[in-house]
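Colleague: I have a model open and want to learn how to read it. Can you take me through it, feature by feature?

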Amino acid sequence: MNLSQEPAVHVIVVSGFPRTGTSLLMQILAAGGIPVLTDKSRAADVNNLRGYFEYEPVKSLMRDGSWLGSAARGKAVKIITQLLPSIPSGVPCRILMMDRPLAEVLESQDRMLRELGRPPAKSRELLAQTFSRQRETVLQEMRSRSAVAMLDVSYHALVARDPSLIDAIAEFVGWPGLDQAAMLAAIDPGLYRSRSLGEGAESIPR
């Protein structure tokens, strides 16, 4: 993809599976000065203390994606991995793909389900295999699109406030005047506290 330097031309898509840090990345982009597309339809809770940054029409993207090329241009929007292929072909997108070990993702999802009083997944191994296949299939399709560029974003590097990763994100999104100091300051390591994963994972935004 030949990346345009005019940010209003493209959509900045923050993607990943649930519990991979997509809400955290949306929070970081907003702190840097990028408009985010959210209707605040999902309130902050114990699992995401600073909010989910969701946009209700994303849930219906498989049926109607006509809004994406207009309402989302020049903004950041959160779209889970499974819905990426529903982005209309030809819509110029820069996709920031959150990358977190699947074992941690599934542990975090199970913990959230338990806190909501719902049963966890019956087989993490089977679910991990399904997620892995889905991710590879989606990435292959999106990388084949001429209007799409992608950048992998390490969850752990982000939480560790790696300035080189913030540099890479800033260069990739091509947003003039992006406040990288504010982006780093938006990451609160105190929210990344040790629980059952050794290195921990909760309750920084997901």
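Modeller: We go from confidence to fold, then to the sheet, a helix and some loop residues.

Modeller: This is a predicted model, in which local features need pLDDT of at least 70 and side-chain atom pairs count only at pLDDT 80 or more, while totals for chains, interfaces and linings use all residues. Residues are numbered from 1 along each chain as its sequence is written, and side-chain values use heavy atoms, with hydrogens and water left out.

Colleague: What pLDDT does the protein chain average?

Modeller: pLDDT is the predictor's confidence in each residue, from 0 to 100. The protein chain averages 83, and 74% of the residues score at least 70. Over residues 193-206 the pLDDT is below 50. That stretch still has 58 contacts in the model beyond near neighbours in sequence (contact means heavy atoms within 4.5 Å). Where pLDDT is low, the predicted coordinates should not be read in detail.

Colleague: How many helices and strands does the protein chain have?

Modeller: Both are DSSP runs, numbered from the N terminus: helices are H or I with at least four residues, strands are E with at least two. The protein chain has 7 helices and 6 strands. Along the sequence the pattern reads β-α-α-β-β-α-α-β-α-α-α-β-β. Among contacts between residues at least 6 apart in sequence, 70% join residues at least 24 apart.

Colleague: In what order do the 4 strands of the open sheet run?

Modeller: Two strands pair if DSSP finds at least two bridges between them. Here the order is β2-β1-β3-β4, with parallel pairing. β2 (76-78) and β4 are at the edges with a single partner strand each, so one side of each has no neighbour in the sheet. The twist averages 25° from one strand to the next. Axes are lines fitted to C-alpha atoms, for helices over the stretch in contact, and angles run from 0 to 180 degrees between N-to-C directions. β3 and β4 are joined in the parallel sense over 7 bridges. D99 has S154 in β4 as its bridge partner. α6 packs on this sheet, touching β1, β3 and β4, and its direction makes about 165° with that of β4.

Colleague: Which residues of α6 are buried?

Modeller: Buried means under 20% relative accessible area, exposed over 50%, and partly exposed in between (1.4 Å probe, protein chains only). An α-helix has 3.6 residues a turn, so residues three or four places apart point the same way. In α6 (residues 163-173), the buried set is L165, I166, I169, A170, F172 and V173. They span an arc of only 165° around the axis, which puts them on the same side of α6. The arc is that of the directions from the helix axis to the C-beta atoms. Their packing partners include β1 (11-15), β3 (93-99), β4 (148-154) and α7 (180-185). Just after α6, G174 takes a positive phi of about 65°.

Colleague: Where do R19 and R161 lie?

Modeller: R19 is in the loop between β1 and α1. Its phi is near 75°, a positive value in a residue other than glycine. R19 counts as buried, at 3% relative accessibility. R161 sits in the loop between α5 and α6. Phi of R161 is near 60°, also positive in a residue other than glycine. At 35% relative accessibility, R161 counts as partly exposed.

Colleague: Is A160 buried or exposed?

Modeller: A160 is exposed, with a relative accessible area of 60%. A160 is found in the loop between α5 and α6. Its C-alpha atom is separated by 9.4 Å from that of D188, 28 residues apart along the chain.
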